[in-house]
Amino acid sequence: MENFNRLNDLYFKKLLGDKKRKNLTLSFLNGILNKDDKNCFTDITFLDKDNEPLTLDGKLSKLDIRADLNDGTQVDIEVQVCPFKLMAERSLYYWSKMYSEQLEKGAEYKKLKKAIAINLLAFDYLEDEQDWHNIYNLLNAKSHKKLTDHIEIHFLELPKFTLKDMRKIRTSEAWIAYFSGKYSKEELEEIAMTTPAIKEAVEFEDTFLQDKIERRAYEQREKAIRDYYSYMSAFKEEGLQQGLQEGIQQGLYQQAIQTAKNMLKDKVDIKLISKYTNLSIEEINKIKVE
């Protein structure tokens with residue numbers, strides 16, 4: 001399918017949020033978190049099986065992948081297609097919920113495990129950063145030493161990604177190349193030669209698109225996103241036009257006041273001033289007193 005959006009969160013959920021393909025999720029996570037064969041995650045348990053991307057009325061809803069890894073690490077993967085200015089605050093909020101929900105009432109703090117938030121963004125968010133992958137921890141402002149390794153928030157900005165050398169591609173780059181939509185099927189096949197998980201992802205994509213029900217749900221989701229952009233654009237345009245009209249009206253009003261002042265100085269009759277400036281008699285009398 002031409003222009004297939006792999007960041008469509010319904011498709012993303014099917015690809016990386018299903019236990020039948022948890023090997024792909026582990027490949028993605030181990031790549032993004034820079035794990036090697038000695039310290040890689042080996043198993044994952046999904047925590048949000050029934051979370052669907054569309055509400056009954058078709059409105060956009062938050063969709064992410066929540067999971068436990070084999071060492072107890074909590075992870076949240078969120079796809080964000082629409083630009084959102086408060087992405088940092090939102091990510092920190094969901095991270096805090098993920099972290100705090102580990103403890104039941106009366107449980108000891110030593111039972112808390114590391115929590116990782118991964119934000120896969122289809123837009124530029126960190127204006128002062130050039131890299132496509134940025135990681136945030138809790139650090140001492142002076143020494144830059146970590147207070148704890150329990151907090152880790154990742155921002156993956158797809159527009160900033162460029163594949164430099166396909167022959168020396170890392171797993172993280174292979175996945176971002178796949179989701180970016182910048183590369184053809186032929187190029188992805190070349191990438192798949194060094195990253196087998198990408199080959200499996202491409203095969204699943206073909207199967208997904210051949211399923212009429214899945215494809216229909218995908219198209220509905222894409223329509224919801226297009227409608228959102230259309231509504232936002234219309235509201236913005238309407239607001240600009242309203243502001244322009246208000247500015248013009250304000251300018252004309254100030255001009256009328258100045259004209260009334262000049263005519264009052266020339267001792268022109270108030271009724272005549274009202275006729276030529278469209279100001280009320282009351283307004284002109286107020287100007288006269290001032």
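This is a predicted model: local features need pLDDT of at least 70, side-chain atom pairs count only at pLDDT 80 or more; totals for chains, interfaces and linings use all residues.

Biologist: How many salt bridges does the structure hold?

Modeller: A pair counts when a side-chain nitrogen of Lys or Arg lies within 4 Å of a carboxyl oxygen of Asp or Glu. By this rule the number of salt bridges is 13.

Biologist: Which residue forms a salt bridge with Arg-66, and how many residues apart are the two?

Modeller: The side chain of Arg-66 meets that of Glu-101, with an N to O distance of 3.8 Å. Arg-66 sits in strand β2 (residues 64-69), while Glu-101 is in the loop between α3 (87-100) and β4. The pair therefore links distant parts of the chain, and Arg-66 has a relative accessible area of 17%, under the 20% cut-off, so Arg-66 is buried. The partner is Glu-101, 35 residues apart from Arg-66.

Biologist: Are Lys-114 and Glu-152, which meet in a salt bridge, buried or exposed?

Modeller: Their N to O distance is 2.9 Å. Lys-114 is in the loop between α3 and β4 and Glu-152 is in strand β6 (residues 146-157), 38 residues apart. Both Lys-114 and Glu-152 are buried.

Biologist: Which helices are tied together by the salt bridge between Lys-185 and Asp-206?

Modeller: The closest N and O atoms of Lys-185 and Asp-206 are 3.2 Å apart. Lys-185 is partly exposed at a relative accessible area of 30%, and Asp-206 is partly exposed at 32%. Lys-185 belongs to residues 185-192 and Asp-206 to residues 196-210, so the pair ties together parts that are 21 residues apart in sequence: helix α5 and helix α6.

Biologist: Where does Asp-128 lie, and is Asp-128 buried or exposed?

Modeller: Asp-128 gathers with Asp-124, Glu-127, Glu-129 and Asp-131 in a patch of negative charge on the surface. Asp-128 lies in the loop between β4 (115-121) and β5 (133-139). Its relative accessible area is 74%, and because the cut-off is over 50%, Asp-128 is exposed.

How values were computed
Residues are numbered from 1 along each chain as its sequence is written. Side-chain values use heavy atoms; hydrogens and water are left out. Patches are made of residues with over 30% relative accessible area and no salt bridge: like charges are joined within 9 Å, nonpolar side chains (Val, Leu, Ile, Met, Phe, Trp, Tyr) within 5 Å. Accessible areas come from the Shrake-Rupley method with a 1.4 Å probe; for residues, only the protein chains shown count as cover. Lys and Arg count as positive and Asp and Glu as negative; His and the chain ends are not counted. The place of a charge is taken as NZ of Lys, CZ of Arg, CG of Asp or CD of Glu. Helices (H or I, at least four residues) and strands (E, at least two) are DSSP runs, numbered from the N terminus. Buried means under 20% relative accessible area, exposed over 50%, partly exposed in between (1.4 Å probe, protein chains only).
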